[in-house]
Amino acid sequence: MKKYGQADVMCAVIHMFLESQKNLTVEQKKDIEDKCCEDVMDNYPSAAEWEVNI
């Protein structure tokens with residue numbers, strides 16, 4: 001079973017939300033997702049980080 005960290009789940013939710021936004025271009029979605037996920041990864045643990053810290 002694959003493990004998911006907080007950062008992994010939040011980035012997935014951000015991705016799903018942005019996919020539902022029809023008024024944004026693909027470029028805008030990518031820029032927003034990249035910035036948001038970078039911020040999330042800086043502040044919350046990913047599954048890979050949890051594996052290392054166990």
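The following exercises, each with a worked solution, concern a predicted model of one protein chain.

Residues are numbered from 1 along each chain as its sequence is written. In this predicted model, local features need pLDDT of at least 70 and side-chain atom pairs count only at pLDDT 80 or more, while totals for chains, interfaces and linings use all residues; side-chain values use heavy atoms, with hydrogens and water left out.

**Exercise 1. Overall architecture**

Determine which elements the protein chain contains and what share of its residues is buried.

Solution. Begin with the elements, taken as DSSP runs numbered from the N terminus (helices: H or I, at least four residues; strands: E, at least two). The protein chain has 3 helices and 0 strands, in the order α-α-α from the N terminus on. Next, apply the burial classes: buried is under 20% relative accessible area, exposed is over 50%, and partly exposed lies in between (1.4 Å probe, protein chains only). Of the 54 residues, 19% are buried. Finally, consider contacts (heavy atoms within 4.5 Å). Among contacts with a separation of 6 or more, 68% join residues 24 or more positions apart.

**Exercise 2. A loop residue**

Locate S46 and decide whether it is buried or exposed.

Solution. S46 sits in the loop between helix 2 (26–43) and helix 3 (47–53). Its relative accessibility is 7%, so S46 is buried. Apart from neighbours within four places in sequence, S46 contacts G5, A7, D8 and M41. A7, counted in the same way, touches V40, M41, Y44, P45 and S46.

**Exercise 3. Salt bridges**

Find the salt bridges and classify the exposure of their partners.

Solution. The criterion is a side-chain nitrogen of Lys or Arg within 4 Å of a carboxyl oxygen of Asp or Glu. The structure holds 2 salt bridges. In one, D34 pairs with K30, with the closest N and O atoms 2.8 Å apart; both residues lie in helix 2, 4 residues apart, about one turn of the helix. D34 is partly exposed at 39% relative accessibility, and K30 is partly exposed at 48%. In the other, the side chains of K35 and D39 meet at 3.3 Å, N to O. K35 and D39 also lie in helix 2, 4 residues apart. K35 counts as exposed because its relative accessibility is 53%, whereas D39 is partly exposed at 35%.

**Exercise 4. Cysteine pairing**

Solution. A disulfide is a pair of cysteine sulfur atoms within 2.5 Å. For C36, the nearest cysteine sulfur belongs to C37 and is 6.8 Å away. C36 is partly exposed, at 29% relative accessibility, while C37 is buried, at 15%.
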